[in-house]
Amino acid sequence: MPAETAILLVDDHPDTLFALESVLAPLGRRVLRAHSGEEALKCVLRGGIGLVLLDVVMPGTGGLEVARYMRGVDRAQDIPVVLVTGLGRERALAERARELGAADLLTKPVDPWTLCTKAEYLLERYERVVELRERVSELRAELERTAAREA
């Protein structure tokens, strides 16, 4: 079983990070904070992240660019990303989020119950995928060892 993964919160407003962390506290998970897209990418590349809550609009590298980059990196492409926006639910943004493979697009202010429920589900799903991949890798190795012994 993989180690329990952390939630990464990404927003350029410290008050928003504090509010999101407070909402997610009942899950009992480790929560990391990033104040920029660049900082978020560094956290993701270090590993141990099982869910990213990502503000869409930030100075510098915005949430959409971070999500796009994550989809191109092997070790990050399966991490669920929930985009969070204060812009409202614009159709073009929703379509872009879907194209980038975002797990969801939430509007601020975020409903606490909805956020906790989605976060818990997405974390558990991600951890199951990691566990299954590890098991498949073990089975392939066993199959190769068996084939080598028989050859």
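This is a predicted model: local features need pLDDT of at least 70, side-chain atom pairs count only at pLDDT 80 or more; totals for chains, interfaces and linings use all residues.
Figure 1. The protein has 5 helices and 5 strands. Its C-alpha trace spans about 60 × 30 × 25 Å along the principal axes. Of the 151 residues, 38% count as buried. Among contacts between residues at least 6 apart in sequence, 62% join residues at least 24 apart.

**Figure 2. The buried side of helix H1.** Helix H1 covers residues 14–24. Its residues Leu17, Leu20 and Leu24 are buried. Why do these three lie on the same side of H1? They cover an arc of only 70 degrees around the axis, and that puts them on the same side. An α-helix has 3.6 residues a turn, so residues three or four places apart point the same way.

**Figure 3. The opposite face of helix H1.** This view turns to the face of H1 directed away from its buried side. Asp15 and Phe18 sit there, and both are exposed.

**Figure 4. Helix H2 against helix H3.** Two packed helices are described by the angle between their axes and the distance between the axes. Here the pair is H2 (residues 37–46) and H3 (residues 63–71). Their axes come within 9 Å and cross at roughly 25 degrees. Angles under 35 degrees count as roughly parallel, so H2 is roughly parallel to H3. The crossing of H2 past H3 is right-handed. From H2, the contact is made by Gly37, Leu41, Val44 and Leu45. From H3, Val66, Tyr69 and Met70 take part. By class, the contact of H2 with H3 has 6 nonpolar residues, 1 polar residue and no charged residues.

Figure 5. Helix H4 runs over residues 91–99 and contains Arg96. Is Arg96 buried, partly exposed or exposed? Arg96 has a relative accessible area of 29% and is partly exposed. The cut-offs are under 20% for buried and over 50% for exposed. Leaving aside neighbours within four places in sequence, Arg96 is in contact with Leu64 and Arg68. Val52 gives a further reference point: it lies 44 residues from Arg96 along the chain. The C-alpha atoms of Arg96 and Val52 are separated by 17 Å.

Notes. Residues are numbered from 1 along each chain as its sequence is written. Side-chain values use heavy atoms; hydrogens and water are left out. Buried means under 20% relative accessible area, exposed over 50%, partly exposed in between (1.4 Å probe, protein chains only). Helices (H or I, at least four residues) and strands (E, at least two) are DSSP runs, numbered from the N terminus. The arc is that of the directions from the helix axis to the C-beta atoms. Contact means heavy atoms within 4.5 Å. Axes are lines fitted to C-alpha atoms, for helices over the stretch in contact, and angles run from 0 to 180 degrees between N-to-C directions. Angles under 35 degrees count as roughly parallel, over 145 as roughly antiparallel, 65 to 115 as roughly perpendicular and the rest as oblique. A crossing is left-handed if the near helix is turned anticlockwise from the far one by less than a right angle, and right-handed if clockwise. Ala, Val, Leu, Ile, Met, Phe, Trp, Tyr, Cys and Pro count as nonpolar, Asp, Glu, Lys and Arg as charged, and the others, Gly among them, as polar.
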